[in-house]
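Here are a few notes to read alongside the structure. Take them one at a time, and look up each residue as you go.

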Amino acid sequence: MGWCPNCKNEYREGVTICPDCDVELVDELPEETEEEFAEPEPVVLMVAEDEEIGEKIVLYLKLNGIESGVLSKEEDRICVIVADLEQEAAESIFNGVIVGETVDQDRLYELVPDIEDQFEEIENEQASKEFSELRSEASTVYVKKRDKYTDLRFSGFSFIGFGFIGVAIVVLNALGVISLFNLYSMIVMSLVFVVFFIIGFVTLHRASLVKDSVAVEDAFTSELNDWIEKNLGDDVIDEWYDENKEDQENYFEIQGRLCQMMHDEFPNIHPSYIEELAEERYTSYLERSAYEDPEDMAYEEPEDVFEEIDSDESEE
């Protein structure tokens, strides 16, 4: 028997060359020894002047494939740590960096001149992705009982209505008033319309079950909206709204705070329903803010202009 030292395949007697690797076979394979890999050691890449700069450096490292980058506080210093295996690659990212040097805001701009623009672009992409994912999670959207009841009633009556229309057509066809179907088609159509009737009545029954909870939900929603008006007024959202941030950033931050406060006050509410109410509250705030914007107010002509015109006409 022969063994290929390259692919480790075994061949029958008489074969001397591995057909895949084109190397000569050996009688026995050498014993494999487990290679010992040294564990990576942490290395201080640089010292950040403050935590905000340190977080930017770590984020920039990760965006460039240096996954070992972390922040560490050592002896009142905020150090950017990387694994020794990635030290050389990390240093090459920041051209001219001296290992262990202190990096302030100016030094950071020297190392990465366009760092703020890159972070703004990344944050916008992440916010857009989160916003899109939030909107696309249709399976988690809460459906109000009243809306569900209305939809079920509409579906039920629609199926029954189609059933009546179908039966009328089949009867007219059987009486010879119209001639659209043969006997086999009439039997099939009759079965289909019977199924429509069954679905319609079952759907109406489900609607009647939901109807019992509509009044309860309406009463609870009214109570919840009263609490929102008292505790989450426009003045509260005004304090949270930051004009220096992007609209999407404000949306996620304020939406999160609204949801958390409502959840703390009403812990048994469905989370998706809380999100819906929080979004409605924030949307109404934005609409009122836009309406009250002085730039959107109608332009009014000064009264003295009209007075001057009137006086001129009287003189003439």
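Is K73 buried or exposed? Keep that in mind as you read; please also remember that this is a predicted model.

1. To settle the opening question, K73 is exposed, with a relative accessible area of 63%. The side chain of K73 meets that of E51 in a salt bridge, at 3.9 Å from N to O. E51 sits in helix α1 (residues 51-63) and K73 in strand β4 (residues 70-74), so this pair ties together parts that are 22 residues apart in sequence. E51 itself is partly exposed, at a relative accessible area of 39%.

2. Next, find D234 and R281, which form a salt bridge whose closest N and O atoms are 2.7 Å apart. This pair links distant parts of the chain, 47 residues apart: D234 belongs to helix α7 (residues 234-240) and R281 to helix α9 (residues 271-291). R281 is buried, with a relative accessible area of 5%, whereas D234 counts as partly exposed at 23%.

3. Now look at K245 and E253, whose side chains meet in a salt bridge at 2.6 Å, N to O. Together with R257, they are linked in a network of salt bridges. K245 is partly exposed at 30%, and E253 is partly exposed at 26%. Across the whole structure, a search finds 4 salt bridges.

4. Do trace helix α5 too: its 30 residues (145-174) reach 43 Å from the first C-alpha to the last, close to the 44 Å expected. Its buried residues include Y149, G156 and V170. After α5 comes G176, with a positive phi near 85 degrees.

5. Finally, the cysteines: a search of the whole structure finds 0 disulfides. C4 is buried, with a relative accessible area of 0%, and C79 is buried with a value of 0%.

Technical notes. Residues are numbered from 1 along each chain as its sequence is written. This is a predicted model: local features need pLDDT of at least 70, side-chain atom pairs count only at pLDDT 80 or more; totals for chains, interfaces and linings use all residues. Side-chain values use heavy atoms; hydrogens and water are left out. A disulfide is a pair of cysteine sulfur atoms within 2.5 Å. Buried means under 20% relative accessible area, exposed over 50%, partly exposed in between (1.4 Å probe, protein chains only). Helices (H or I, at least four residues) and strands (E, at least two) are DSSP runs, numbered from the N terminus. The expected span of a helix is 1.5 Å times one less than its number of residues.
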